[in-house]
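Dear colleague,

Please find the structure below for your records.

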Amino acid sequence: MGRRQTLRARHGGYVRRTHAGKPGTPGRVLARDRGWRREAHSAWLCGLALGGALLLADVARGSVTWPRGGCWAVIGVTLVAVLWPPRVTVGANWLAVRGLLREHRVRTDLLTSVRRSDGMSPRLVLRDVAGNRVEFDPKVLAANPLLWHHLDTGARRARESGLLREGAMPLGALADRIDGEGARTLLRSAGLE
């Protein structure tokens, strides 16, 4: 009687095992990062270019061997892994960030904190009530207004329910930046700037 029943649910073209009654069960993807494919393509090109250049230099010297060629290939693949961009997607009340190996997901309507981490590259860090955490570049939100809209809608719900107590400043600054860029784009397209 106390066992969890396992259901098979179809989401977005793939089958995912979920537990009955588990909150935050993933639904269909409503928006995704439109620049991700371009960045992933660039990562592959950089890795292939570096591995190819090293291999060509070795061939030109006449010192290429199978182990050395394998080493250059590993270096190229390592560069791809380092440059691989995280893929940000949103659905109804959730945001997911998929890295090279794993996906992290938060419930946007159950957010407890939003922090901006400034360093070599600025990061936006979101946490929800279950302790789930995602971290990604805020430029993704600026480049994808639909992603921003879904995150902002969920964050407003969390703020109204009293869960989101830390994060008004980073979200407000981000909203001002995104709205300002949107207004400039609109004026530029109308020829008024």
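A nonpolar core is a set of buried Ala, Val, Leu, Ile, Met, Phe, Trp, Tyr and Cys residues joined through side-chain atoms within 4.5 Å, where buried means under 20% relative accessible area, exposed over 50% and partly exposed in between (1.4 Å probe, protein chains only). This is a predicted model, in which local features need pLDDT of at least 70 and side-chain atom pairs count only at pLDDT 80 or more, while totals for chains, interfaces and linings use all residues. Residues are numbered from 1 along each chain as its sequence is written, and side-chain values use heavy atoms, with hydrogens and water left out.

The largest nonpolar core has 25 residues, and Leu95, Leu111, Leu126, Phe136 and Leu141 have the most contacts inside it. Helix 4 gives the most to this core, with 5 residues; helices here are DSSP runs of H or I with at least four residues, strands are runs of E with at least two, and both are numbered from the N terminus. Leu141 touches residues including Phe136, Trp148 and Ile178 (heavy atoms within 4.5 Å).

An open antiparallel sheet is formed by 4 strands in the order 3-4-5-6, two strands being paired if DSSP finds at least two bridges between them. Strand 3 (31-32) and strand 6 (103-107) each have a single partner strand, so one side of each is left without a neighbour in the sheet. Strand 5 (residues 94-98) is joined to strand 6 by 5 bridges, and Arg98 stands opposite Glu103 in strand 6.

Yours sincerely

Technical notes
Lists of a residue's contacts leave out its neighbours within four places in sequence.
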